[in-house]
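Have the viewer open and follow along.

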Amino acid sequence: LDRFKANMLYFSDDLVLFNRKRAKELATEIRTLKRPIQYSVSARFDLLDKMDDDLLLEMKETGCRIMGLGIESGSDRVLKVVGKKFSSETILNGLERLKNVGILPTVSIMVGQDTETVEDAEASIELMRKSVRYNPHIQYAFTLTTPFPGSQLYDHIFREGLLKDHQ
């Protein structure tokens, strides 16, 4: 902060808010800095769902401006396929709670997931429509599903012969 005259910190680890205790410690420590700063955190919807609104408000008061979250899909079926432990209802509730405390959500939705149907893609679009009706400031990014080496999806794609080589 001193060396670069920084006024914003970005915590990109999805587990920086792993539990209430860790999130509370982050807010407490930021409060002790020599000068106020703003910060952004990455999180997961299942972890956000376990945080109470008082903690979210404390994070906002200590400078949390942005929370980045991976929606992945608006389809409950696809969320189960990719191993998410939350539903589309959890997503909408979390986005509304962030709006209520004044933290801007930046979110991403993956398209092209293995077994994704047109109906699944439409569910993602509908979830986006619902969320921007009550918060038009949500920042959405749509990304193509990428089977990274070492992931279950990567192994599945080669096991099933859906891709022939790494290119």
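Start at the N-terminal end of helix 3, which D52 caps: one of its side-chain oxygens sits 3.1 Å from the backbone nitrogen of D54. Before going on, a word on ground rules. This is a predicted model, so local features are taken only where pLDDT is at least 70 and side-chain atom pairs only at pLDDT 80 or more, while totals for chains, interfaces and linings use all residues. Residues are numbered from 1 along each chain as its sequence is written, and side-chain values use heavy atoms, with hydrogens and water left out.

**Helix 3 and its surroundings**

Helix 3 covers residues 53-61, and its buried residues are L55, L56, E58 and M59. Looking down the axis of helix 3, these buried residues fall within an arc of 160°, so they line one face of the helix. (That arc is taken from the directions from the helix axis to the C-beta atoms.) On the other side of helix 3, D54 and E61 are exposed. As for the cut-offs, buried means under 20% relative accessible area, exposed means over 50%, and partly exposed is in between, using a 1.4 Å probe and protein chains only.

What covers the buried residues of helix 3? The cover includes helix 1 (20-31), strand 2 (38-43), helix 2 (45-50), strand 3 (64-72) and helix 5 (88-101). Contact here means heavy atoms within 4.5 Å. Just after helix 3 comes G63, with a positive phi of about 115°.

**The whole chain**

Zooming out, the protein chain has 7 helices and 5 strands, arranged along the sequence as β-α-β-α-α-β-α-α-β-α-β-α. Helices (H or I, at least four residues) and strands (E, at least two) are DSSP runs numbered from the N terminus. The C-alpha trace spans about 55 × 35 × 25 Å along its principal axes. Out of 167 residues, 37% count as buried. If you take the contacts between residues at least 6 apart in sequence, 76% of them join residues at least 24 apart.

The accessible surface of the chain is about 10100 Å², and carbon and sulfur atoms account for 53% of that. These areas come from the Shrake-Rupley method with a 1.4 Å probe; for residues, only the protein chains shown count as cover.

Next stop is helix 6 (residues 118-134), where you'll find S131. S131 is buried, at a relative accessible area of 0%. What does the side chain of S131 make a polar contact with? The partner is the side chain of Y140, at 2.5 Å. A polar contact is a pair of N or O atoms within 3.5 Å; within protein, one must be able to donate a hydrogen and the other to accept it, and residues adjacent in sequence count only if both atoms are side-chain atoms.

S124 also lies in helix 6. N135 lies in the loop between helix 6 and strand 5 (139-144).

**Strand 3**

G68 lies in strand 3. Between the C-alpha atoms of G68 and K80 there are 21 Å in space, for 12 residues in sequence.

| Residue | Relative accessible area | In contact with |
|---|---|---|
| S131 | 0% | L92, L95, I138, Y140 |
| S124 | 1% | S73, G74, S75, I109 |
| N135 | 5% | K99, P105 |
| G68 | 16% | V41, S42, A43, T106 |

**Two backbone angles to check**

Most residues other than glycine have a negative phi. Which way does phi of E72 go, positive or negative? E72 has a positive phi, near 70°. E72 lies in strand 3 and counts as buried at 14% relative accessibility.

T115, also not a glycine, has a positive phi of about 75°. You'll find T115 in the loop between strand 4 (104-111) and helix 6. At 46% relative accessibility, T115 counts as partly exposed.

Conventions: Lists of a residue's contacts leave out its neighbours within four places in sequence.
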